[in-house]
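Here is a quick briefing to read with the model open beside you. Have a look at the structure first, then work through the notes by topic.

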Amino acid sequence: MQFKIVWFTGLSGSGKSTLANNISKILKKNFFKVKVVDGDSFRRKKYNSTFTKKSIINNNIKIINHIKKISKKYDYV
């Protein structure tokens, strides 16, 4: 089975993390291996990026590269 990426985008406070965490719980109950990657946490811990268009694109590329490295361990990221 190949892993699947589910990527939520939207305004701050719109419920992306809540939705991701709820879906993660459901998938885990069904015995899927799941990794939630929070964009804000990733940015703060790894790269301390700002919210310019360029930094958002660069941060997303770094997240994609991170997911590529960990993808074999999970069914859903």
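Ile 64 is partly exposed, with a relative accessible area of 36%; partly exposed is the range between buried, under 20% relative accessible area, and exposed, over 50% (1.4 Å probe, protein chains only). You'll find Ile 64 in helix H3. Keep in mind that this is a predicted model: local features need pLDDT of at least 70 and side-chain atom pairs count only at pLDDT 80 or more, while totals for chains, interfaces and linings use all residues. Residues are numbered from 1 along each chain as its sequence is written, and side-chain values use heavy atoms, with hydrogens and water left out.

- Ile 64 and Ile 5 are 59 residues apart along the chain, and their C-alpha atoms are separated by 9.7 Å.
- Trp 7 sits in the segment before helix H1 (16-29), and with a relative accessible area of 39% it is partly exposed.

**Overall layout**

- How many helices and strands does the chain have? There are three helices and zero strands, so the pattern along the sequence reads α-α-α, with helices (H or I, at least four residues) and strands (E, at least two) taken as DSSP runs numbered from the N terminus.
- Along the principal axes, the C-alpha atoms fill a box of roughly 40 × 25 × 15 Å.
- Of the 77 residues in the chain, 19% are buried.
- The accessible surface comes to about 6,200 Å², and carbon and sulfur atoms account for 55% of that; areas come from the Shrake-Rupley method with a 1.4 Å probe, and for residues only the protein chains shown count as cover.
- Take the contacts between residues at least 6 apart in sequence: 58% of them join residues at least 24 apart, where contact means heavy atoms within 4.5 Å.

**The aromatic pair**

- The structure holds one aromatic pair.
- Buried or exposed? Tyr 76 is buried at 18% relative accessible area, whereas Phe 32 is partly exposed at 27%.

- Phe 31 lies in the loop between H1 and H2 and counts as exposed, at 75% relative accessibility.
- Phi of Phe 31 is near 65°, a positive value in a residue other than glycine.
- Most residues other than glycine have a negative phi.
- The C-alpha atoms of Phe 31 and Asp 75 are 9.6 Å apart, though 44 residues separate the two along the chain.
- Ile 23, in helix H1, is partly exposed at 33%.
- Between the C-alpha atoms of Ile 23 and Val 34, eleven residues apart along the chain, the separation is 9.5 Å.

**Confidence**

- Mean pLDDT for the chain is 87, and 92% of its residues reach 70 or more; pLDDT is the predictor's confidence in each residue, from 0 to 100.
- Where is confidence lowest? Helix H2 (residues 39-47) has the lowest confidence, at a mean of 71, and H1 has the highest, at 96.

Terms used:
Phe/Tyr/Trp six-rings, centres within 6.5 Å; stacked < 30°, edge-to-face > 60°.
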